[in-house]
Amino acid sequence: MTDHSSSKLATFVLRHRLFFSLFPLVVTAFFLYTLKNLTIHTSVQDFIPQKHPFVEVNNQLMKIFGGLNQVSIALEPKEGDIFQAALLEKVVRITNQLYYLEGVNIGRIVSLSARKIKRVEGTEEGFKVTHLMREAPTTPEKMGFLKKSIMRNNLVYGPIVANDFSATQIVLDFYPEVSSKKIFQQLNQIIEKEKDGTTKFYLAGRPILEGWLDYYLPKLLTVFLGTILIMVFLLFFAFRSKRGILLPFAAALMGVVWGLGILSLSGFHLDPTTTLVPFLILAIGISHAIQFIKRYYEEIKANPHDRLKASENTLAALSNPVRASLFTDGLGFLSLMIVPLVMIKTLAITAGAGVFSLYLTVVTFIPAILTYIPVPVQREVEREERPNSVDRILSRIAGIGKHAWGRNVILAFFIILTVLGIKGITQIVVGDNEEGSATLYPHSPYNMAEKFVNAKFTGANPYYIFVEGKKDEAMLDWRVLKEMDSLQRHLVTRFPEIGSAVSLADYIKGLNFVMDNNNPASFKIPENDGTIAEYLFLYSISGFPGDFDPVLSPDYKHANIKFDLKDHRAATINKTIAATQDWIKKNHNSGNAEFKLAGGLIGTTAAVNDIIKQSTYSNIILVFILVLLRVSVALQSLIGGLFLFIPLIFSIILTFGIFGLSGVTLTVETLPVAAMGIGLGIDYSIYIAARIHEEILKGHGNPDLSGAIQKALVTSGKAVFFTGMIISNGVLSWLFSGIKLQAKLGAALGSLLFINMMAALFLLPIFIRIIKPRFLFREESLTLLAHG
């Protein structure tokens with residue numbers, strides 16, 4: 001039994017079945033053509049919320065001091081220390097080539113042979129400034145002199161040369177306009193030429209990580225292909241027919257193409273972290289297509305020679321619940337548009353458009369195309385409708401719910417899951433929670449490189465504080481420089497995760513030191529503005545133009561403090577920024593300058609974490625309210641809307657609970673999976689509730705609730721079971737991925753989809769038995785799900 005509006009829709013679609021069969025194919029062909037302009041690449045700017053205060057400060061820093069997209073290149077001799085001519089010649093050759101790279105900030109190239117790294121001596125006339133190492137030393141005497149010069153320079157010894165002289169590194173920054181893929185390729189080309197078996201090379205930094213993600217992309221696609229093959233096998237097991245395999249995949253793939261096509265026309269691009277989206281659309285499309293194929297077999301059994309009638313009945317019966325389901329799925333993704341990150345907006349557009357397009361590629365296409373496919377032979381229908389082990393399991397599930405003890409056991413089980421979910425929510429972390437990248441396994445080349453750089457040097461994670469002058473030449477004020485020095489010492493001595501800090505204050509202390517014949521007592525800021533101005537003038541006479549550009553603006557009005565951190569874990573970032581803000585509040589007194597947070601990788605990562613933390617909760621509330629209103633209006637019952645929200649609330653708790661318990665942190669990469677978990681949390685329940693309602697109405701005033709639940713579980717419940725098993729097992733195959741994040745997401749999402757399925761099959765029928773909601777017994781209930 002179906003409502004009048006659904007019947008009218010079904011009649012209309014099937015009357016124009018040629019149009020609804022060809023239109024999706026034509027549009028798919030068009031979108032396939034647009035995909036030629038779709039690119040997959042990584043851009044740092046896509047991951048950054050441009051309007052966040054930290055990012056605005058970072059942009060100010062880049063405008064004044066150049067690009068701050070840092071990369072570290074470490075060199076380690078396989079035998080001995082770094083004082084070998086062959087190794088130092090590599091440093092010279094690599095450094096010289098870096099100045100010619102696309103997008104490099106030449107003022108921030110730092111190495112033993114970099115133009116900015118100098119040896120300074122005090123003289124009667126001022127300062128004698130020479131290159132620390134213009135070319136590699138060739139004699140023991142010159143090597144010894146270089147070693148002595150390194151040990152006397154605290155800006156080199158530790159940050160650039162390991163304390164035990166076992167390794168040295170080159171640090172450089174890039175402008176944000178150049179792609180990470182380009183940076184990765186350029187640097188690897190240089191390094192490859194220097195490999196001779198005597199030196200180990202390590203590359204670290206955000207552009208390198210994103211370059212590795214680009215490198216792993218083919219492997220990512222291989223895992224997805226394996227997932228699809230598993231799903232094909234399970235579809236064959238479920239239907240054992242060509243139509244049961246090909247139609248769900250064809251319909252769902254069209255939705256994927258539509259979503260990607262709309263993305264391409266919108267001017268956006270994919271990156272390695274959003275390549276997950278097409279699979280999510282595919283999974284949702286297959287989920288709904290299975291419902292249609294299962295119902296079609298049921299209807300063709302009742303109308304064995306009338307495929308038009310069977311298709312019409314299928315669409316009429318499922319149009320209401322599928323509209324409500326697609327609405328919640330699409331809304332879950334589109335609500336991510338409130339997150340001010342290009343990458344997330346890309347995901348929201350692709351997934352939202354793809355999900356809503358499933359209405360034409362699945363809901364109307366499958367019934368229409370089935371009218372042109374020969375009626376299944378009797379043996380195929382009998383095989384599909386013949387009771388099997390799944391039917392027996394679902395019948396027993398329905399039977400267990402009839403008894404109080406069964407209901408209590410099931411309720412207790414889901415209460416335990418809910419408690420565990422709440423516990424997991426308390427453990428969830430926003431941002432990375434591991435040293436290195438949580439995206440890759442610890443033994444991956446990138447994580448090994450970052451671990452090496454953090455262990456040997458002062459850290460590969462830059463954190464900048466912008467010192468904004470309030471008047472011209474504000475940085476000549478000794479009070480400002482003393483505050484900068486005080487803040488540096490405060491953070492470096494307090495947190496072992498901070499390896500070093502550098503600012504104009506360090507240069508001035510060093511110049512004061514050499515001017516006083518290397519007297520250790522003079523390694524401090526002179527309390528005289530004129531002295532500071534004189535030091536800078538005398539240095540400029542013999543130094544290289546722009547030597548102070550990385551730390552001081554040419555007009556002496558602005559400066560920065562750079563800290564190198566050993567990791568970018570959320571806890572490290574939070575306590576570092578909190579300590580900085582606390583120090584500024586309590587100790588900053590100078591009226592000539594303002595200390596503003598925060599730039600570099602640490603600042604932008606903190607901004608992203610902050611946005612995710614804010615957006616996640618607002619996103620959940622927004623989805624919850626909109627979907628509740630949609631379903632409540634459709635049911636003409638707020639109680640009915642809340643009732644169907646029981647599985648959704650359970651899904652939300654479980655989604656974030658699984659994240660917390662499994663150690664999956666909430667990042668820009670995992671946020672879409674959370675959105676999918678929420679969206680699919682109510683899908684299965686809508687289908688089963690709609691079928692229970694349909695079976696109750698067949699009682700014609702004498703409803704049999706137990707019989708309706710029994711019938712719903714062995715029909716729509718069977719489709720839900722196969723959908724849940726097919727998708728969850730397909731996703732669980734990601735456990736075999738070589739990418740750690742993908743494996744973790746596979747475990748989390750696979751488990752979530754399986755438990756959502758079990759909640760719809762076990763939990764919902766029990767609540768229906770206990771509460772007996774009135775909306776299920778009203779003929780107009782669920783009727784308006786198509787129009788709410």
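Modeller: Let's start with residue classes: Ala, Val, Leu, Ile, Met, Phe, Trp, Tyr, Cys and Pro count as nonpolar, Asp, Glu, Lys and Arg as charged, and the others, Gly among them, as polar. By that sorting, the lining of the largest cavity has 19 nonpolar, 19 polar and 8 charged residues. Please remember that this is a predicted model, where local features need pLDDT of at least 70 and side-chain atom pairs pLDDT 80 or more, while totals for chains, interfaces and linings use all residues. Residues are numbered from 1 along each chain as its sequence is written, and side-chain values use heavy atoms, without hydrogens or water.

Biologist: What makes a space a cavity, and how many of 30 Å³ or more are there?

Modeller: On a 1 Å grid over the protein atoms alone, a cavity is a set of points where a 1.4 Å probe fits but cannot get out. The count comes to 4 cavities of 30 Å³ or more. The largest cavity has a volume of about 710 Å³, a volume being the space filled by probe spheres set on grid points joined across faces, edges and corners.

Biologist: Which residues of its lining are closest to the centre?

Modeller: Of the 46 residues that line the largest cavity, Arg206, Asp432, His568, Leu601 and Thr605 are the closest to its centre. A residue counts as lining if it has an atom within 4 Å of a point. H21 gives the most to this lining, with 7 residues. Among the other elements that supply at least two residues are helix H3 (53-65), strand E1 (69-77), helix H7 (206-239) and helix H26 (740-771).

Biologist: What makes the other kind of space a pocket?

Modeller: A pocket is an open set of points with protein on both sides within 12 Å along at least five of seven lines. The largest pocket here has a volume of about 1,100 Å³. Its lining has 50 residues, and Asn153, Asn154, Leu155, Val156 and Val502 lie nearest the centre. Elements that give two or more residues include strand E2 (118-122), strand E4 (168-174), helix H17 (478-494) and helix H18 (504-515). H18 provides the largest share, 7 residues. By class, this lining divides into 23 nonpolar, 13 polar and 14 charged residues.

Biologist: Why is H12 called a helix?

Modeller: Helices (H or I, at least four residues) and strands (E, at least two) are DSSP runs, numbered from the N terminus. H12 spans residues 365-370, so it passes the helix cut-off. Pro367 sits in this helix.

Biologist: And why is Pro367 called buried?

Modeller: Buried means under 20% relative accessible area, exposed over 50%, and partly exposed in between (1.4 Å probe, protein chains only). Pro367 has 1% relative accessibility, so the residue counts as buried. Ser311, found in helix H10 (residues 307-334), has 0% and is therefore buried too. The C-alpha atom of Tyr296 is 6.3 Å from that of Ser311 and 8.2 Å from that of Pro367.

Biologist: How do you know that Glu102 forms a salt bridge with Lys182?

Modeller: The rule asks for a side-chain nitrogen of Lys or Arg within 4 Å of a carboxyl oxygen of Asp or Glu. The closest N and O atoms of Glu102 and Lys182 are 3.9 Å apart, so the pair qualifies. The two partners are 80 residues apart, with Glu102 in the loop between helix H4 (85-98) and E2, and Lys182 in helix H6 (residues 180-194). Glu102 is partly exposed at 45%, and Lys182 is partly exposed at 34%.

Biologist: What makes the Asp173 and Arg108 pair a tie between parts of the chain?

Modeller: Asp173 forms a salt bridge with Arg108, the closest N and O atoms being 2.7 Å apart. Asp173 lies in strand E4 and Arg108 in the loop between H4 and E2, so the bridge ties together parts 65 residues apart in sequence. Both Asp173 and Arg108 are buried.

Biologist: How exposed are the partners Lys482 and Glu527?

Modeller: Lys482 and Glu527 form a salt bridge whose closest N and O atoms are 2.6 Å apart. Lys482 lies in helix H17 and Glu527 in the loop between H18 and helix H19 (529-542), so parts 45 residues apart in sequence are tied together. Lys482 has a relative accessible area of 32%, so this residue is partly exposed, whereas Glu527, at 52%, counts as exposed.

Biologist: How many salt bridges does the whole structure have?

Modeller: The search finds 19. Glu468, Lys470, Glu594 and Lys596 are linked in a network of such bridges.
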